[in-house]
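Here is a short briefing on one protein chain. Keep the sequence and the 3D view open as you read.

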Amino acid sequence: MQDALRPLEGRWKLMIMAQLLAGPAMRFSDLERALPQISQKMLIQRLRDLEEDGIVSRTLYPQVPPKVEYCLTEVGKGLRPVFIALLDW
């Protein structure tokens, strides 16, 4: 149970994932606007954590200025039923 819940532990992770469930991909600035109460430092750290856990994918586009998009991996998308169950609860 601990191993299953560890990737979801931590403030803001579920809120970030909920935002990413709503659309195909979001830029960092889109996430900042969607979650105005989270600091930039915390958002960066939580996105890194989710990426390390295989829940979020980060795509860097080689252009000027750099464009970075975040989206849920297949593992992350597989958590959709969990979110629906939480909402129903």
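Helices (H or I, at least four residues) and strands (E, at least two) are DSSP runs, numbered from the N terminus. Read along the sequence, the order is α-α-β-α-α-β-β-α-α. That gives 6 helices and 3 strands. The model is predicted: local features need pLDDT of at least 70, side-chain atom pairs count only at pLDDT 80 or more, and totals for chains, interfaces and linings use all residues. Numbering starts from 1 along each chain as its sequence is written, and side-chain values use heavy atoms, without hydrogens and water.

**Overall fold**

- The C-alpha trace spans about 45 × 25 × 20 Å along its principal axes.
- Of the contacts (heavy atoms within 4.5 Å) with a separation of 6 or more, 49% join residues 24 or more positions apart.

**Surface and charge**

- Buried residues (under 20% relative accessible area, 1.4 Å probe, protein chains only) make up 30% of the 89 residues.

**Helix 2 and its packing**

- Helix 2 covers residues 13-21, and its buried residues are Lys13, Ile16, Met17, Leu20 and Leu21.
- Seen down the helix axis, these residues fall within an arc of 140 degrees, so they line one face of helix 2. The arc is that of the directions from the axis to the C-beta atoms.
- An α-helix has 3.6 residues a turn, so residues three or four places apart point the same way.
- The packing partners of this buried set include strand 1 (26-27), helix 4 (40-52), strand 3 (67-72) and helix 6 (80-88).

**Backbone points to check**

- Trp12 sits in the loop between helix 1 (2-5) and helix 2.
- Phi of Trp12 is near 85 degrees, a positive value in a residue other than glycine.
- Trp12 is buried, at 14% relative accessible area.
- The Val64 to Pro65 peptide bond is cis, with omega near -5 degrees.
- Pro65 lies in the loop between strand 2 and strand 3.

Terms used: Buried < 20%, exposed > 50% of the residue type's maximum accessible area, 1.4 Å probe, protein only.
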